Amino acid sequence: MKLKKLIALIVAVSMLLFVFAGCAKKEMPPSEGTTQQQAEKPKKVKVGLVFDVGGRGDLSFNDSAYAGLERAEKEFGDRIEVKYLEPSAGGENREQLLRLLAEDGYDLIFGVGFMFTDHIRKVAQEFPDTKFGLIDGYIEDLNENSNVVCLQFKEEEGSFLVGSAAALKSKTGKIGFVGGMKIPLIEKFEAGYMAGAKYINPDIEIISDYIGTTGDAFKDPVKGKELALKQFKSGADIVYHASGASGIGVIEAAAAQKKFAIGVDSDQSLTAKEDQRPYILTSMLKRVDVAVYSTIKDFIEGNYKGGYKVFGLAEDGVGYAVNQYNKDLISDIIPKLDEIKEKIVKGEIKVPADKSEYEEFLKGLKK
Amino acid sequence: MDFIVELIASSLRMTVPILLTGIGAVYTERAGVVNIGLEGMMIVGSFWGALGSFYFGPYVGFLMGMSAGMALALIHAVASVTFRVNQIVSGVALNILAFGSSRFLSQVFFKMATTSPHVKGLRPVKIPVLGDTSPIIVLAFILVPFTAFILEKTVFGLRLKSVGENPLAADTLGVNVFKFKYAGVLLSGLLAGLAGTYLSLEHTGMYVEGMTQGKGFIALAAMIFGNWTPYGTMWASLLFGFAESLSFRVVESNVIPYQFIKMIPYLLTLAVLAGVVRKSTPPAADGIPYEREMH
């Protein structure tokens, strides 16, 4: 019995020691970090980035952001130090990770994805000397002197182009759309895509599905595949997805059915499996990499400005992919797409960004 | 006609991971051990399966996925059978361990925390009407009568059940209670690992973190719903799979809001559960750790 008590005591004491050790450790790094930072600050800019659900390797949205980070790293070499973090699966610790980077003295921090909106709003207030870049999100009342810049895209314009491409290439007169989470951001893709298709062929039928109503919808390739298979089976021959890592399932379905998928965000022909490449018609490019890279560049050159930056067709912030795998597939429609692109840039075509604008657009077409 | 065939094929694909794990749950619960860690065993199955297939091809992938599930099950068995830890606590801990270790190892091996590169699956088999089908789907449905046979007709199965019903009596008759409990738990890990590997190798050809989407828990529900029997579990799994694939096919309209469509599987389940009033009879000693009394 005595022995047991002794052991219990030893365990309790050692646990207590661990707790104190933990505290001590926690206190150490910041002081270390600040001295380091003071010493290095003149030359090194520290850039941090927190990914969205799906994370690096989603072959889509997050990988595009990573490409921008990589490009900056290559170009500015030892003038910058980069670090990227991934939130937990449910994304509960987004704010924690942002704060972690800010506390570690990172000068410029990106939140990749609209889900970061509230978190960046909060953390940016707590760390007024740190600059933030928010991709896809919108925070009200920002100006040039704010420490947040919202990097937004006109996804509907890029989607309009791939919608036109789908309508030009469809043989069945039926095309599909698979969205990730049902939110206004993804509905922008849908509205642009449908408008682009109807612009080419007013009689075209568009089947549209969403995977879910939570962030999980961006990493559920099982459902992505099932929905795409359903659309192919009901007659669609081209399916466009805007669903992050779930889109892996959509491309898988297209290859299995020998029909076409249209990728999103990154050029997905380049990252697909060898035998899937012939079944990717093109990809809607959302140049998150350009947004990340140009913000880092501005920061290093001392031109960082808070507020809003919008990347559309005119800024080459969105577009469609042409590569060695799909060149032969779409070479015949490229002139037509370029013509449409010009019209959008000039403002002759007003691309709808939501359901009600889409209805308006359809009425305009009929006239 | 096409629509119906496609609905059936899709239902089967959605059913299989639930069914495999559900049969696993039958084995472990019949031996009297509650295994809430099945979800975690599916997760490690999906990860290790992808890892094995990436380096050595799909067969090794399946072996590794199943072994990983079993390894996790072994921890559960050691904790809850040998050391009589609360079975729920042990299961929950395993789920967390599975999740964290998969992310960590994915970072180590694939240099990406949440996804693997593309991996190869098994060659599909041709089945009349349905066409190309994954062999695992066929295997899952063969396992149902096989499990029923094992549990009803073999010495192993009968002893396994006796351990879950009345371990003291079984022990008195010379049945090695611990051995059978271990066997039940390990089998459940093996099947859950197989189900996870099916998801990553056969369904999407890639591991994505969280791709199990709670199917391990649904499998537990299917097993309870199926009254701890293999056939019952099959019907329950089919219901879940069918409801899910049906929800893909109900088109959004102004009448039905989108969120309601996504509720269909759950509503259907509730309706059936409420409609089928049947006495559920779990094994009498389910979830109770067995301790040999020393006098």
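Mentor: Let's start with burial: a residue is buried if 20 or more other C-beta atoms lie within 10 Å of its own, exposed if 12 or fewer, and partly exposed in between, with C-beta atoms placed from the backbone. Before we use that, note that this is a predicted model, where local features need pLDDT of at least 70 and side-chain atom pairs pLDDT 80 or more, while totals for chains, interfaces and linings use all residues. Residues are numbered from 1 along each chain as its sequence is written, and chains are lettered from A and ligands numbered from 1 in the order in which they are written.

Trainee: Okay, is Gly163(A) buried or exposed?

Mentor: Gly163(A) has 33 other C-beta atoms within 10 Å, so it counts as buried. You'll find Gly163(A) in helix α5 (residues 155–169) of chain A; helices (H or I, at least four residues) and strands (E, at least two) are DSSP runs, numbered from the N terminus.

Trainee: Which residues does Gly163(A) touch, leaving out those up to four places away in sequence?

Mentor: Contact here means C-beta atoms, placed from the backbone, within 7 Å. By that rule Gly163(A) touches Gly192(A), Tyr193(A), Met194(A), Ala195(A), Gly196(A) and Ala197(A). For another pair, take Gly163(A) and Ser246(A): they sit 83 residues apart in sequence and 20 Å apart in space, C-alpha to C-alpha.

Trainee: What are the domains of chain A?

Mentor: The bounds come from an automatic or database assignment. Domain 1 of chain A is 42–153 + 287–318, and domain 2 is 156–285 + 326–366. Their centres, over C-alpha atoms, are 27 Å apart. At the contact, 18 residues of domain 1 of chain A meet 19 residues of domain 2. On the domain 1 side, helix α2 (residues 61–76) of chain A gives the most, with three residues.

Trainee: And how many residues does each chain give to the contact between A and B?

Mentor: Chain A puts in 27 residues and chain B 25. On chain A's side, the elements giving two or more residues are β7 (205–212), α7 (221–233) and α8 (247–257). The largest share, eight residues, comes from α7(A).

Trainee: Let's turn to chain B. How many helices and strands does it have?

Mentor: Chain B has twelve helices and four strands. The C-alpha trace of chain B spans about 70 × 50 × 35 Å along its principal axes, and 51% of its 295 residues count as buried.

Trainee: Where does UniProt place transmembrane regions in chain B?

Mentor: The unreviewed entry's regions include residues 33–52 and 85–106 of chain B; such annotations use the numbering here, with names shortened, and may be inferred rather than shown by experiment. In the model, residues 33–52 of chain B are 75% helix and 0% strand, with end C-alpha atoms 29 Å apart. Residues 85–106 of chain B are 91% helix and 0% strand, with ends 30 Å apart between C-alpha atoms.

Definitions and conventions: Two residues are in contact if their C-beta atoms, placed from the backbone, lie within 7 Å.
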